[in-house]
Amino acid sequence: MDHAKETLSALVQEMQTVTTYDKGVYILNIEFFFDKYSNKMLRAGAFFYILVEGGTTEFVVDCHSHVVGKGDMLLVAPGMSLELVKKSFDFGSCGLCMDPFFFDSLSVGNYVYKQLYNSSYTTYILRLEDSDAGYIRKTLELTFHYLTSDHPVEMTRSLGNFLLLQITEIFHIRNVHSAGRVSRADTIFRLFRKLLAENYRKEHELLFYATSLNVSRTYLSRMIRQVSGKTVNDYIKEVLYRDARRLLIFTDLTVKEIAEQLGFSDQSSFGKFFKKESGTSPANFRDGYKKLHNL
């Protein structure tokens, strides 16, 4: 299935005409992609940092719709799927696309990944204050300058480090209580999400997560519901269903192989799970997607 190779990052690289040489980071003109690839699901394949400067736009990331407007920043990680739905006539943005190898080469890459991407299937939308948006814009402008001029790649790496630290700091300010203290429920929730991201393919039961966090099943259930309004099982089913859809769309794995990868006891139990979530069988879902997108 060639569709698996069609990533937004590859398309971004193809349109780069002013970058002096390949530094692993690219200027992102998302308006261009709205004109050419709207309503088409693409794998991200890289890290995207999109600052909305005017108007509004709608993205679908991992099957969830997000409407963003001026002052919002959308963060997308390589494993996510991205669909550009629509934009207002006055929409404007600026942003960067970072290849995973460039991200990993940054001195702050490991730190930032742990802070921002504890769950591989979470999209972060930062609602920026005017001052924060202005500072981010200045950093992006400096990065654009060094990308389109003949300067050492170390200059670009330094600016990449600075941009990611800016974003991480803003993220923490938005998600930590004003008194500087994080509640017990918030801590349990974050630890659960991290544990889930690392183990969901092997562990589908509440007991595993409660035992790993040294709390009772009742306590864990209450804390997760208190923070999010959802249950532990809701989160387990959600990540399994998203990954199942991704594997059916972007790989040639058989349904049996996907069931094994996702930790189901057999193909039948996976089929029942998928049909309950989607209303159709895995095979019918894959065939329907191919026909819809002429694959």
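The face of α12 turned away from its buried side carries K272, K275 and K276, which are exposed (over 50% relative accessible area; buried is under 20%, partly exposed in between; 1.4 Å probe, protein chains only). This is a predicted model: local features need pLDDT of at least 70, side-chain atom pairs count only at pLDDT 80 or more, and totals for chains, interfaces and linings use all residues. Residues are numbered from 1 along each chain as its sequence is written, and side-chain values use heavy atoms, without hydrogens and water.

**Exercise 1.** Check the span of α12, then locate its buried side.

*Solution.* 
- Step 1. Helices are DSSP runs of H or I, at least four residues; strands are E, at least two; both are numbered from the N terminus.
- Step 2. The expected span is 1.5 Å times one less than the number of residues. For the 12 residues of α12 (residues 267-278) this gives 16 Å, and the end C-alpha atoms are 16 Å apart, which agrees.
- Step 3. F270, G271, F273 and F274 are the buried residues of α12. They cover an arc of only 165° around the axis, so they sit on the same side of α12. The arc uses directions from the helix axis to the C-beta atoms.
- Step 4. These buried residues pack against α10 (232-250), α11 (255-261) and α13 (282-292) (contact: heavy atoms within 4.5 Å).

**Exercise 2.** Find the strand partners of β7 and judge its burial.

*Solution.* 
- Step 1. Strands pair if DSSP finds at least two bridges between them.
- Step 2. β2 (residues 41-43) runs antiparallel to β7, with 3 bridges. R43 faces S81 in β7.
- Step 3. β4 (residues 56-61) is also antiparallel to β7, with 5 bridges. Here F59 stands opposite L84.
- Step 4. In β7 (residues 81-87), 5 of the 7 residues are buried, so the strand is largely enclosed by the rest of the structure.
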